[in-house]
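Work through the following exercises with the sequence and the three-dimensional structure in view. Try each task before you read its solution.

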Amino acid sequence: MTRLQFKPGKPILAARLGTPTEGTWPQWGTPGGRMDHLDPYIACITGAFALYLLLRQGRLTSKVIGTLLGLGTLVWLVVIVNTTVVGEIQPGQQVLFLLFGAIAISSAVRLITHGRPVYSALYFVLVVLSSAGLLLLLEAEFMAFALIIVYAGAILITYMFVLMLAQQASDSDHSSDMPIYDKLAREPGAAVIVGLILAGTLVSATTLGMQDLPPPVVQSRQDKVHGELLEQLPKRFKAAVLAVSPDFPWPPAVDDDGHMVQWDRSGPFVESRVTGEAPEIVRIDPDAMPTNTQHVGWALVASFPASLEIAGVILLLAMFGAVVLARRQIEHGEDELRRSVGLDPIHPQEDPVAGEGAS
Amino acid sequence: MTFQLASEFTQVSLAHFIIFSALLFVVGLVGFFTRRNLIVMFLCTELMFQAALVAFVAFGRYWFNYSGQVFVIFILTVAAAEAALALALVVLLHRRRGSLNADDWKELREG
């Protein structure tokens with residue numbers, strides 16, 4: 001059986017990373033080792049069957065079986081990934097990862113199986129919150145909170161408004177007043193098979209092909225990224241150095257790579273460059289290094305300024321588009337305007353206030 | 001170096017995040033196919049956005065490259081624009097037929 005592999009291609013990023021010097025790169029087990037290659041596919045098939053059972057309008061027992069089967073599949077996938085793992089991100093808390101991941105995936109499944117759209121939207125909030133937790137594990141604090149504010153705060157409110165506008169008011173919890181199109185899933189079997197193919201491809205490619213990824217960034221490279229950004233922020237850099245040693249002769253010396261911030265085992269430091277004297281070494285407080293938000297902001301405005309402008313234009317156009325689409329065809333006040341210039345009104349007998357009700 | 005099972009089960013690797021995002025994407029895709037309510041279908045597309053976003057940040061963290069997070073900002077932009085436009089369209093369609101059923105508009109399809 002041939003293994004799926006990521007194409008090596010030209011590793012643009014890897015060229016900048018260099019070879020790893022620290023840490024070991026755990027290799028995937030030998031062929032025929034601890035996990036069979038078919039395992040990811042079988043896990044996907046059981047997961048797809050569980051999803052089918054949950055989507056099908058059926059008895060309680062099939063729902064219970066589907067839930068148990070789905071949870072079992074998740075656990076199995078975790079075991080598969082844990083035993084074939086390569087590519088460390090960082091020593092993280094797997095307990096937290098599994099908690100957030102399980103909440104996100106189970107509420108996503110509940111989202112697509114729940115009959116009431118309002119509850120689906122609320123389950124989506126749960127997905128957003130647990131994804132934000134995952135982003136926190138990835139040290140992406142800014143994105144985590146931006147996600148909560150933008151998704152859970154803004155986009156979901158829009159969805160809720162439209163749901164409330166469009167949904168017929170129903171006070172009782174009986175499923176009999178749910179519209180039929182909310183109760184019955186359309187072609188659950190075919191959809192699950194499409195999902196199965198996609199999931200099987202992605203999961204097996206990830207578990208079997210991850211070893212072909214170039215190794216992750218080593219700690220020294222991460223330090224360098226921090227130091228490079230600190231050098232780009234001259235005021236902050238100078239303040240960080242002068243806070244430790246007020247008499248430091250500015251600017252500091254440059255090392256062989258052209259960087260002022262240098263690193264050794266005990267952290268970042270700078271050297272003075274006064275000719276004829278022994279260089280003075282000043283250790284910078286590691287807390288003075290740029291935070292995640294500053295990194296993201298710098299990458300956004302320094303690397304993608306044009307995209308940022310385009311994103312603003314997209315938002316503006318979306319706003320215009322939404323206004324144009326959602327308004328009534330003939331605005332309130334159109335008839336008065338026509339009367340004032342001597343034309344016949346379009347709706348002569350209609351009450352002029354009636355036009356603004358729904359928009 | 002030999003595998004240390006103890007540390008293996010306390011660390012999170014790139015593969016964990018990619019598989020998480022693959023599963024979330026697939027759930028969103030299946031939801032998009034199976035649900036008939038227009039609004040829930042768009043919620044499922046948001047679910048797929050969510051999955052792509054986690055994968056972006058995970059790869060960005062793996063490379064220690066912040067472009068991944070910058071792309072998440074653009075994903076948020078596109079998601080917001082899409083939500084605004086799609087929901088405006090849904091409101092429009094709901095006004096015409098008085099229902100959110102996607103099958104009401106099946107005469108729009110080919111064939």
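Two residues are in contact if their C-beta atoms, placed from the backbone, lie within 7 Å. This is a predicted model, in which local features need pLDDT of at least 70 and side-chain atom pairs count only at pLDDT 80 or more, while totals for chains, interfaces and linings use all residues. Residues are numbered from 1 along each chain as its sequence is written, and chains are lettered from A and ligands numbered from 1 in the order in which they are written.

**Exercise 1. Find how many residues of chain B are in contact with chain A, and which element of chain B gives the most to that side.**

Step 1: Counting contacts gives 71 residues of chain B, which meet 87 residues of chain A.

Step 2: Helices (H or I, at least four residues) and strands (E, at least two) are DSSP runs, numbered from the N terminus. On the side of chain B that touches chain A, β1 (12–13), α2 (14–34), α3 (38–63) and α4 of chain B each supply at least two residues, and α4(B) gives the most, with 23 residues.

Step 3: For the classes, Ala, Val, Leu, Ile, Met, Phe, Trp, Tyr, Cys and Pro count as nonpolar, Asp, Glu, Lys and Arg as charged, and the others, Gly among them, as polar. That side of chain B then has 48 nonpolar, 16 polar and seven charged residues.

**Exercise 2. Determine how helix α12 (residues 305–326) of chain A is oriented relative to helix α4 (residues 67–97) of chain B.**

Step 1: Axes are lines fitted to C-alpha atoms, for helices over the stretch in contact, and angles run from 0 to 180 degrees between N-to-C directions. The axes of α12(A) and α4(B) come within 9 Å and cross at roughly 10 degrees.

Step 2: Angles under 35 degrees count as roughly parallel, over 145 as roughly antiparallel, 65 to 115 as roughly perpendicular and the rest as oblique. The helices α12(A) and α4(B) are therefore roughly parallel.

Step 3: Among the residues that meet are A:I314 and A:L315 in α12(A), and B:F74 and B:L85 in α4(B). This contact of α12(A) with α4(B) comprises 18 nonpolar, three polar and no charged residues.

**Exercise 3. Describe how helix α8 (residues 188–209) of chain A packs against α2(B).**

Step 1: The axes of α8(A) and α2(B) lie 9 Å apart, and the packing angle is about 165 degrees, so the two helices are roughly antiparallel to each other.

Step 2: The contact includes A:L198 and A:L202 of α8(A), together with B:I19 and B:F33 of α2(B), and its residues divide into 17 nonpolar, four polar and no charged.

**Exercise 4. Work out the order of the strands in the open sheet of chain A.**

Step 1: Two strands pair if DSSP finds at least two bridges between them. In chain A, three strands form the open sheet in the order β2-β3-β4, with antiparallel pairing.

Step 2: The edge strands, each pairing on one side only, are β2 (262–264) and β4 (281–283) of chain A.

Step 3: Three bridges join β2(A) to β3 (residues 267–271) of chain A, and A:G267 in β3(A) is the bridge partner of A:D264.
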